Amino acid sequence: MPEAPADCIIIGAGPAGLTAAIYLARFHLSIRMFDCGSSRAALIPRTHNHAGFPGGIAGTELLARMHDQAAMYGATCEATSITAIERDGEDFVVHTATGATRGRTVLLATGVVNHRPRGLTNAVHDEALRRGLLRYCPICDGYEVTDARVGVIGTSDHGMREALFLRGFTADVTLIAPDSDHDLDDTCLAALDAAGIERVDGPCGDYRINGDRFVVRTAAGDRSFDSVYPALGSHIRSELAVAAGAAATADGCLEVDDHQRTSIPGLFAAGDVVKGLDQISHAMGEAGVAATTIRNLLSERHPLRR
């Protein structure tokens, strides 16, 4: 007999995927969870704004605790990549690197990948990130750079907005163009000038660590900072859902309703792959909403009994 479809296939085991797994397992639903092992949360050296951990917690430790909690209720995670999602009647077929799995519903929690500055080696990147010399989320850790010397690599509206956000924590902010010149219109220039944010032309590169500073070579020479934020955007990992026909924004964020339903019935999305606030707490909240909606959808199709 063919294997019965899982009640839900979860793709991605970051904070959103693992939260959904905990909820769904506690609803006594069957789950298959797949993950390629590249959750952005694992890169967090220590987060201090996640409620319940006043001393902070490393991203890897938080994920390990969530994995353990999901396993308490029977949820497991399989390390593999997903190549395609297909509709099959009311159900789905999810193709992995080693085979295919059927599910009544699918939750996509694949997140995003930050764009790194060109020429930044993995060794320097990882060491700088570990030491807080390189940071990606001013919402998460702007407090940690209070009154520090901060560089922002970026330009145009995105770079301006990140620099202005960080200006709320420190008066010493420099916006560095990643390429030869800044791409800033008059509105951006006026806002940066009003905030007292210095602008430095690029191209930037030759990134290195010197003592407790992160050094960036610019057109004006070397500049050193207590922390540097790349404001270069990110790649939204929504290709699987988009290829299956799900609606997405121009930049690739999946469009969902208030219950995390995509435009494809039975396909849900939560976390950073959805347009919204890229925060662990927000991803976990979306996952709780999605999991509860999945439970209720399945109950409507086939009343749940024990």
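Arg223 counts as buried, at 18% relative accessibility. The cut-off for buried is under 20% relative accessible area, so Arg223 falls inside that class at 18%. This is a predicted model. The side chain of Arg223 meets that of Glu198 in a salt bridge, 3.1 Å from N to O. Glu198 sits in strand E10 (residues 198-200) and Arg223 in strand E13 (residues 221-225), so the pair ties together parts that are 25 residues apart in sequence. Glu198 counts as partly exposed, at 35% relative accessibility.

Asp226 lies in the loop between E13 and strand E14 (227-230), while Arg213 lies in strand E12 (residues 213-218), so their pairing ties together parts that are 13 residues apart in sequence. Their side chains form a salt bridge at 2.9 Å, N to O. Asp226 counts as partly exposed at 26% relative accessibility. Arg213 is also partly exposed, at 29%.

How many salt bridges does the whole structure hold? A search finds 22. Side chains of opposite charge can pair when their charged atoms come close. Among the bridges is the one between Arg40 and Asp278, whose closest N and O atoms are 3.5 Å apart. Arg40 belongs to the loop between strand E2 (31-35) and helix H2 (59-72), and Asp278 to the loop between strand E16 (267-269) and helix H8 (280-301), so this pair ties together parts that are 238 residues apart in sequence. Arg40 is partly exposed, with a relative accessible area of 22%. Asp278 is partly exposed as well, at 31%.

Leu277, Ile139 and Phe165 form a nonpolar patch on the surface. Together they have about 260 Å² of accessible area. Ile139 is in helix H4 (residues 138-141). Its relative accessible area is 40%, so Ile139 is partly exposed. Patch members need over 30% relative accessible area, and Ile139 has 40%.

Cys140 lies in helix H4 too. Is Cys140 buried or partly exposed? It is partly exposed, with a relative accessible area of 24%. Leaving aside residues up to four places away in sequence, Cys140 touches Asn49 and Gln279. Phe53 is 87 residues from Cys140 in sequence, and the C-alpha to C-alpha separation is 14 Å.

Now turn to a loop residue. Thr110 is placed in the loop between strand E6 (100-108) and strand E7 (112-114). Thr110 counts as buried, at 14% relative accessibility. What does the side chain of Thr110 reach at 2.5 Å? It reaches the backbone oxygen of Arg237. Arg237 is also one of the residues that Thr110 touches, along with Ile11 and Val273, when residues up to four places away in sequence are not counted.

Strand E4 (residues 82-88) pairs with strand E5 (residues 91-96) in the antiparallel sense, over 6 bridges. One of the paired residues is Glu86, whose bridge partner in E5 is Val93. In a regular strand the side chains alternate between the two faces of the sheet. The hairpin of E4 and E5 has 2 residues between the strands. In the turn, Gly89 has a positive phi of about 70 degrees.

How values were computed: Residues numbered from 1 in each chain as written. Predicted model: local features only at pLDDT ≥ 70, side-chain atom pairs only at ≥ 80, totals over all residues. Heavy atoms only, no water. Patch = residues over 30% accessible without salt bridge, like charges linked within 9 Å, V, L, I, M, F, W, Y side chains within 5 Å. Areas by Shrake-Rupley, 256 points an atom, 1.4 Å probe, with all protein chains shown as cover. Salt bridge = Lys/Arg side-chain N within 4 Å of Asp/Glu carboxyl O. Helix = DSSP H or I, 4+ residues; strand = E, 2+ residues; numbered from the N terminus. Buried < 20%, exposed > 50% of the residue type's maximum accessible area, 1.4 Å probe, protein only. Contact = heavy atoms within 4.5 Å. Polar contact = N/O pair within 3.5 Å; in protein donor to acceptor, adjacent residues only side chain to side chain. Pairing = 2+ DSSP bridges.
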